[in-house]
Amino acid sequence: MKTAVAGIGVIGRVHVEVLRELGHAPAAVCDVIPERREGIAGAKGYGDFSEMLEKERPDVVHICTPHMLHADMIVEALGRDINVLCEKPLCIKAEDIPRILEAEKNSRGMLGVCLQNRYNASSLFAKSFFEKKKPDFAFGSVLWHRDAAYYATGEWRGKWATEGGGVLINQAIHTVDLLQWICGDPESVTGEISLRSLKGVIEVEDTAFLRGEGESPFEVFATNTASVDMPVELRFASKGEVLTVLPDGATLNGEPVDLKKDEAWYGKRQYGSGHAKLIADFYDHIARGEKFPLDGREGARAVKTVLAVYAAAGH
């Protein structure tokens, strides 16, 4: 299949690397920074997304651009009946969700969303463990380090209008997604956001808490103020049992769970090892003509929860 990648930052280069390993090396790439798009060997570089789609007519386009561009790019590509694989978050505005889903419904192209942590062996074990029962309660913690140097890597980072939020919509959205995948969508959401260590550097939150009420209530605490990156941890309580899930392992009542070792990691270790598996699965579904399960509706689930917290805080 003829592929293209929009956005050649850190995560865009991960997609390029995986595509090459899968035998789908991109024919074209798009980025507003010339040296980025010119640095991908074998791919024609473009500075304009629409021009790339028009001239290249790819079978699949990977959207790895800043958050505020996702919705418009998804809608345009689907409008051209091109398959789309978009990085998280699906979008940053509630009003964009219905128009993305409408474009998906009316397109011959397929939409997939990169929530790659669902493909971790530990996540898959947790999903199967709760296949016939529900957790009584679940908790997720995200303790990561992001500093001024990180936010200086992109003019769009750390701003409400362009990133759409901070630690909750960027780093912790994977944790929210996993909890909703296993616990179900909440009937109501409460939460708080604050800016603690990065005042004067960003305008969005660096620390957040949310609680989802429902059949299986869950809570998330997330911060970018830790001194170092710590592994994301999920804990599920059910009828006296406690399942603890880490990116590369799990324990049940304190005893290690025997899991298949995850494959190579790509990019930052916090991204996990799921990108290659998700991308390969997406292409397999296209080849078979079958709907990809991590579609627009699935990608919107965690976004809705995060945006509910932001709306309650006046954003």
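Against which elements do the buried residues of α6 pack?

**View 1. Helix α6 and its packing partners.**
The buried residues of α6 pack against α8 (173-183), β11, β12 (241-246) and β13 (249-252). The model shown is predicted, so local features need pLDDT of at least 70 and side-chain atom pairs count only at pLDDT 80 or more, while totals for chains, interfaces and linings use all residues. Residues are numbered from 1 along each chain as its sequence is written, and side-chain values use heavy atoms, with hydrogens and water left out. In α6, the buried residues are Ala-121, Ser-122, Ser-123, Ala-126 and Phe-129. Buried means under 20% relative accessible area, exposed means over 50%, and partly exposed lies in between (1.4 Å probe, protein chains only). Helices (H or I, at least four residues) and strands (E, at least two) are DSSP runs, numbered from the N terminus.

**View 2. Helix α8 and the glycine after it.**
In α8, 11 of 11 residues are buried, and the helix is mostly covered. Among them are His-174, Asp-177, Gln-180 and Trp-181. Gly-184 follows α8 and has a positive phi, near 95°.

**View 3. An aromatic pair between Phe-130 and Phe-236.**
A pair of aromatic rings is described by the distance of the centres and the angle of the planes. The structure holds 7 aromatic pairs. Phe-130 and Phe-236 form a tilted pair, with 5.4 Å centre to centre and 50° between the planes. Phe-130 lies in the loop between α6 (121-129) and β7 (137-143) and Phe-236 in strand β11 (residues 233-238), so the pair ties together parts that are 106 residues apart in sequence. Rings of Phe, Tyr and Trp (its six-membered ring) pair if their centres lie within 6.5 Å; planes under 30 degrees apart count as stacked, over 60 as edge-to-face and the rest as tilted. Phe-130 is buried at 6% relative accessibility, and Phe-236 is buried at 1%. Phe-125, Phe-129, Phe-130 and Phe-236 form one aromatic cluster.

**View 4. An aromatic pair between Phe-282 and Phe-292.**
The pair of Phe-282 and Phe-292 is edge-to-face, with 5.1 Å centre to centre and 80° between the planes. Phe-282 lies in helix α9 (residues 274-288) and Phe-292 in the loop between α9 and α10 (296-312), so this pair ties together parts that are 10 residues apart in sequence. Phe-282 is buried, with a relative accessible area of 0%. Phe-292 also counts as buried, at 0% relative accessibility.

**View 5. Met-52 and Val-61 in the nonpolar core.**
In soluble globular proteins, nonpolar side chains tend to be buried together. The largest nonpolar core has 94 residues, of which Phe-49, Met-52, Val-61, Ile-74, Val-84, Leu-90 and Phe-236 touch the most other members. Such a core is a set of buried Ala, Val, Leu, Ile, Met, Phe, Trp, Tyr and Cys residues joined through side-chain atoms within 4.5 Å. Contact means heavy atoms within 4.5 Å. Leaving aside neighbours within four places in sequence, Met-52 is in contact with residues including Ala-4, Val-29, Tyr-46 and Val-61. Val-61 is in strand β4 (residues 60-63) and is buried at 0% relative accessibility. With the neighbours within four places again left aside, the contacts of Val-61 include Phe-49, Met-52, Ile-82 and Val-84.

Arg-57 lies in the loop between α3 (49-56) and β4. Phi of Arg-57 is near 45°, a positive value in a residue other than glycine. Arg-57 counts as exposed, at 56% relative accessibility. Asn-253 is in the loop between β13 and β14 (255-256). Asn-253 is not a glycine either, and its phi is positive, about 55°. With a relative accessible area of 44%, Asn-253 is partly exposed.

Lys-88 and Pro-89 are joined by a cis peptide bond, with omega about -10°. Pro-89 is in the loop between β5 (83-87) and α5 (96-105).

**View 6. Arg-146 over the ring of Tyr-150.**
Arg-146 lies over the face of Tyr-150, at 5.0 Å from the ring centre. A charge sits over a ring if NZ of Lys or CZ of Arg is within 6 Å of the ring centre and within 35 degrees of the ring normal.
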